Amino acid sequence: MIRKAGFIAVGIAAALGLSIWAGGEGGHAVAQSDSYTIKFGNVISVGDTQNQGYALFAELVEERSDGRIKVQVYPDSQLGGEREMIEATQFGDIEMTAPSVGVLANFDKSLEVFDFPFIFEDAETAYKVLDSELGDEMLAGLENSGLIALGWGENGFRNLAMVKGTVRTPEDMRGIKLRTMQVPMHIAYWRSIGAAPTPMPFPEVFTSLQQGVVDGVENPYELLFSARFTEPAHFLTETRHIYDPEVILISKTFFEGLSAEDQKIIRDAADEMVAKIRSLKSTISDEIRAKIVAAGGTVTDLTDEERQQWIDSAIPFYKENASKVDTGKLKAILEAAGNTTYLEAIQ
Ligand code: EAX
């Protein structure tokens with residue numbers, strides 16, 4: 001995986017005007033008194049809540065290091081898609097990124113348990129699981145992939161946005177070309193209910209919607225709106241089918257080359273960033289939902305019966321796929337989330 005990233009890393013290095021990595025260890029040992037810049041790439045729109053959190057992180061790190069450490073945030077996919085940026089971070093060509101957990105699961109299969117639909121009822125339940133020992137263990141596992149996880153970020157609950165008309169039930173998805181992330185379990189779920197999932201990196205989505213390559217997309221309201229996907233895809237349905245945590249990543253080779261003092265500055269600032277993102281996220285969906293409607297979109301809530309149809313639609317998927325992931329972890333998460341429907345389905 002790391003080797004394959006070479007050409008992408010070259011592209012990013014060129015975009016940043018850096019010299020091109022030519023083999024050996026990625027990252028660089030940094031002496032305690034050194035001044036340096038952390039490049040933090042992400043696909044999120046510049047004003048979105050995540051980037052407000054990343055800006056706070058940059059500010060705190062700079063201030064607490066007396067200006068020695070600068071954090072340069074590159075939002076809006078300036079450095080490419082999420083897979084590319086994860087590879088560049090492994091490589092040490094950029095220092096930080098914060099992808100959706102689903103995309104990251106391509107690099108650490110144990111994270112795939114978060115890619116099962118309808119696990120979490122609300123964000124509080126998700127936080128309880130993410131902040132538990134199990135969540136910590138999953139973050140720590142990323143070290144095997146050349147990445148240090150500084151914490152769980154948050155994208156939020158994902159909803160549907162369609163171009164041609166409102167979707168209410170799983171049956172309505174039959175034959176629909178839905179852009180998904182490049183996430184095997186997401187693709188498998190949508191396929192299992194008869195949709196035609198079309199995986200692609202985030203930077204390609206807007207044009208694909210406009211050109212009719214796909215009939216719809218799914219993402220939290222905030223990103224759907226800020227990335228302007230709701231212009232072509234203005235029929236929204238609040239399915240909340242996936243709670244999407246992001247993971248705040250820093251290059252392992254880079255981080256391990258830092259002094260203990262700098263590592264602490266970075267870790268502490270990351271904790272504050274996560275707290276800020278969560279607090280901003282608590283109200284943003286409703287705010288953005290109102291903006292989508294004001295801009296001429298429609299947002300449909302499911303009836304209880306329709307929601308139940310969605311939940312039931314994933315039972316065959318759980319039965320089929322539970323044994324393909326770390327089943328013990330999946331069960332532990334469902335249990336901690338109080339989700340008996342799928343627990344019973346996979347017993
Ligand atoms: O992590 O690709 C996506 O749809 C993600 O939600 C986005 O990249 C943010």
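**Exercise 1.** What distance separates the centres of domain 1 and domain 2, taken over C-alpha atoms?

*Solution.* The model is a predicted one. Start with the domain assignment, which gives domain 1 as 10–107 + 141–153 + 246–283 and domain 2 as 157–243 + 285–345. Taken over C-alpha atoms, the centres of these two domains lie 28 Å apart. Next, look at the interface: 17 residues of domain 1 are in contact with 14 residues of domain 2.

**Exercise 2.** Determine which domains supply the shell around the ligand, and describe the shell by residue class.

*Solution.* Begin with the origin of the shell: domain 1 and domain 2 each contribute at least three residues. Then sort by class: five residues of the shell are nonpolar, three are polar and five are charged. Finally, pick out those that come nearest: of the 13 residues around the ligand, these are Glu 82, Ser 100, Arg 158, Arg 179 and Asn 219.

**Exercise 3.** Find polar side-chain atoms that face oxygen atoms of the ligand, then state how far the protein covers the ligand.

*Solution.* Apply the cut-off for a polar contact, a pair of N or O atoms within 3.5 Å. Arg 179 places a polar side-chain atom 2.6 Å from a ligand oxygen. For Glu 246 the corresponding distance to an oxygen atom of the ligand is 2.8 Å, and for Asn 155 it is 3.0 Å. As for cover, the ligand on its own has 260 Å² of accessible area, and the protein covers 99% of this.

Notes
Residues numbered from 1 in each chain as written. Predicted model: local features only at pLDDT ≥ 70, side-chain atom pairs only at ≥ 80, totals over all residues. Heavy atoms only, no water. Near = heavy atom within 4 Å. Polar contact = N/O pair within 3.5 Å; in protein donor to acceptor, adjacent residues only side chain to side chain. Areas by Shrake-Rupley, 256 points an atom, 1.4 Å probe, with all protein chains shown as cover. Nonpolar A, V, L, I, M, F, W, Y, C, P; charged D, E, K, R; others polar. Domains from an automatic or database assignment. Contact = heavy atoms within 4.5 Å.
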